[in-house]
Amino acid sequence: MCGITAYIGPRDAYPIVINGLKRLEYRGYDSAGIMLYDGEELQLSKTKGKVADLEKITATARNKRNGKIGIGHTRWATHGVPNDVNSHPHVSNSGDLVMVHNGIIENYDTIKKELTSRGYTFKSDTDTEVLVNLIEEVKLNEGCKLGKAVQLALNSVVGAYAIAVFDRTKPNELVVARLGSPIAIGIGEDFGEFFIASDASPFVEFTKDVVYLEDEELAIIKIGREVRVRKIHDDQLVDAMIQKLQISLEEIEKGGYDHFMLKEIYEQPKAITDTFRGRLMPEDNFIKLLGIDTYGERFLNADRVIIVACGTSWHAGLVGEYLLEDMARIPVEVEYASEFRYRNPVLTKNDVVIAISQSGETADTLAAIKLAKSRGAFVYGICNVVGSSIARETHTGTYTHAGPEIGVASTKAFTTQITVLTLMALKLGREKGSISEEMFGRYLKAMDKIPQQVEKLLEINDHVKSIADVYKNATNCLYLGRGFNFPVALEGALKLKEISYIHAEGYPAAEMKHGPIALIDENMPTFVIATKHGHYEKVVSNIQEIKSRSGKIIAIVTEGDTTVKEIADHTIEIPETEEALTPLLTTIPLQLLSYHIAVMLDKNVDQPRNLAKSVTVE
Ligand code: F6R
């Protein structure tokens, strides 16, 4: 987590770095800092709080904003509480080296003791201050240049990092390196300027040419020179591939919405359409998915599919389990990546692992993929961020094409991940013959209608807002669903707790009787997904059981439902579709509900406390 950004070139670095940090704030917002170099002095400003707080302290001091070189950081605290001193950038003892860091240096304590014994002193509790001093120690001891010192120092650390380092004694260059945390290098015309960031969003308006560092790579960035990339462990020169950026400025701005989360909820009809584009062909009764076209046999011959993911992506994986088992009749297990990677799982080359990740950078998911590959399994990725680490690490996969998701609470990533999983399940089901031609055609037509149905569903925003107003002061909430909508209940509960800080639990509706029913009283609202399919009558019974214990019910029902309407305190209607596709609709009102409750409680919707969008540490 943490966002890093830097600039070197002919322009004033301050606005570029500050705006870049604002775009990276989704990665962490415990503290922020910036270092500028004006050719004479290092100007360092850092503070606990957000980038806006940093702007306040630099606003009054002109000399705090001068310089054509700048490095900045927005922090998600790992080592040391979020305060001014622990904020990045960190400066070495001599005052020459300045560094920002995203990641964790696991053996920092041993290195710190060693450096302390050699006379180094430390102001902060961070692993970053230890690393910048280690680089300094190596540079002095070996009498080498910054790039070499960074390389040698990194070879003696254990952990994960993306770093940018500046040396006051060589002010025309920056050194960056990565292991486990991303670094993008934006290249200005004729190599006349460079932009460095944790992702490309900070420099999208300046250049479309970008080099993404791979793990274990270090780059020396000098004005007027091509980017020189080397492997950290053996110094081998690497061909730095320049790629063309695919995101636009418009995509990463709020576009008139109050929050990114709301914008992203409303973007879902388009996001799902973009996920379909070139893949769903109802008129030809066909689904085209390159990954499955090429590697379908791996799935069809697999002993089982194991889905690994975290958080919301894990919930999408659970929906995937229902889809793949129902349509393609392939046994599926869904695993938290963090558990899977450390559990010594039984894996063979006949297993297919599907890794799901919006960011494509989640450390646990990435580690689970590496483990699965090392045991011979075939790994398929479902990612949103093009060129991300997970997209590169998997054997093949499918991009969701949801566009940048900036709100920390995942919304359009969830529905587009389910869209991809549905396309996969349908395609595999057809190839396997486990789904009839007639059913396949029906599903394709129903899928095709989903974007319009989501569009229509979004018109209930005011109704959902009025329900949010009734329940905004609840301290505990229950979410229930069955079958395909059990994972939606989990996701609904996660959305509420992460942005409004209200405790919420998701359960399969029938499990309620095995414990959670003890919590029911008039103060605990229950949100139930009760669409007219499969186990409708059973869910209706669950609703009755809650009502007879004075519980309040907010039910998501199919358009035209009358039974639940008579019992529930509130109902929200969704358009009719095939049962397997309902998660794409039932999740929308739950997203809106959490959004409105959080706004009404005056919470920071896009940047909820303690969270970060991209979890690149374990
Ligand atoms: C919840 C949320 C997180 C992420 C999780 C995985 O709204 O955003 O739970 O889903 O951190 O992230 P990705 O999908 O980027 O691997």
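At 0% relative accessibility, L423 counts as buried (buried is under 20% relative accessible area, exposed over 50%, and partly exposed in between, with a 1.4 Å probe and protein chains only). This is a predicted model, where local features need pLDDT of at least 70, side-chain atom pairs count only at pLDDT 80 or more, and totals for chains, interfaces and linings use all residues. Residues are numbered from 1 along each chain as its sequence is written, and side-chain values use heavy atoms, with hydrogens and water left out.

- L423 sits in helix α13 (helices are DSSP runs of H or I with at least four residues, strands are runs of E with at least two, and both are numbered from the N terminus).
- Leaving out residues up to four places away in sequence, L423 touches T275, F276, R279, L280, I287, L289 and M447 (contact means heavy atoms within 4.5 Å).
- L423 and K288 are 135 residues apart in sequence, yet their C-alpha atoms are 8.7 Å apart in space.
- T275 and F276 also turn up among the buried residues of α7, along with Q268, P269, A271, I272 and D274.
- Helix α7 (residues 268–276) is mostly covered, with 7 of its 9 residues buried.
- What do the buried residues of α7 pack against? They pack against α6 (260–266), β16 (280–281), α13 (412–432), α14 (437–457) and α19 (583–600).
- Just after α7 comes G278, with a positive phi of about 75 degrees.

**Domains**

**Nonpolar cores**

- The largest nonpolar core has 87 residues, and F299, V305, L323, I354, M424, L426 and Y479 have the most contacts inside it (a nonpolar core is a set of buried Ala, Val, Leu, Ile, Met, Phe, Trp, Tyr and Cys residues joined through side-chain atoms within 4.5 Å).
- This core draws at least three residues from each of domain 2 and domain 3.
- Take V305: setting aside its neighbours within four places in sequence, V305 is in contact with F299, L324, I330, P331, V332, E333, V352 and I354.
- There's also a second, separate core of 28 residues, which includes V130, V138, A153 and A177.

**The α9/α16 pair**

- The axes of helix α9 (residues 311–328) and helix α16 (residues 486–500) come within 8 Å and cross at roughly 170 degrees (axes are lines fitted to C-alpha atoms, for helices over the stretch in contact, and angles run from 0 to 180 degrees between N-to-C directions).
- That makes α9 roughly antiparallel to α16 (angles under 35 degrees count as roughly parallel, over 145 as roughly antiparallel, 65 to 115 as roughly perpendicular, and the rest as oblique).
- On the α9 side, the contact is made by G311, T312, W314, H315, L318, V319 and Y322, while α16 supplies F486, P487, L490, E491, L494 and K495.
- By class, that contact has 8 nonpolar, 3 polar and 2 charged residues (Ala, Val, Leu, Ile, Met, Phe, Trp, Tyr, Cys and Pro count as nonpolar, Asp, Glu, Lys and Arg as charged, and the others, Gly among them, as polar).

- Most residues other than glycine have a negative phi, and most peptide bonds are trans.
- R329 is not a glycine, yet its phi is positive, near 55 degrees; R329 lies in the loop between α9 and β19 (332–336) and is exposed at 54% relative accessibility.
- N285, also not a glycine, has a positive phi of about 55 degrees; N285 falls in the loop between β16 and β17 (286–287) and is partly exposed at 24%.
- The peptide bond from H88 to P89 is cis, with omega near 0 degrees, and P89 belongs to the loop between β4 (69–75) and β5 (90–91).

- D12 is in the loop between β1 (3–8) and α1 (13–24), and its 39% relative accessibility makes it partly exposed.
- Not counting residues up to four places away in sequence, D12 touches G67 and K68.
- G534, in the loop between β25 (525–530) and α17 (536–547), is exposed with a relative accessible area of 54%.

Definitions and conventions: Domains from an automatic or database assignment.
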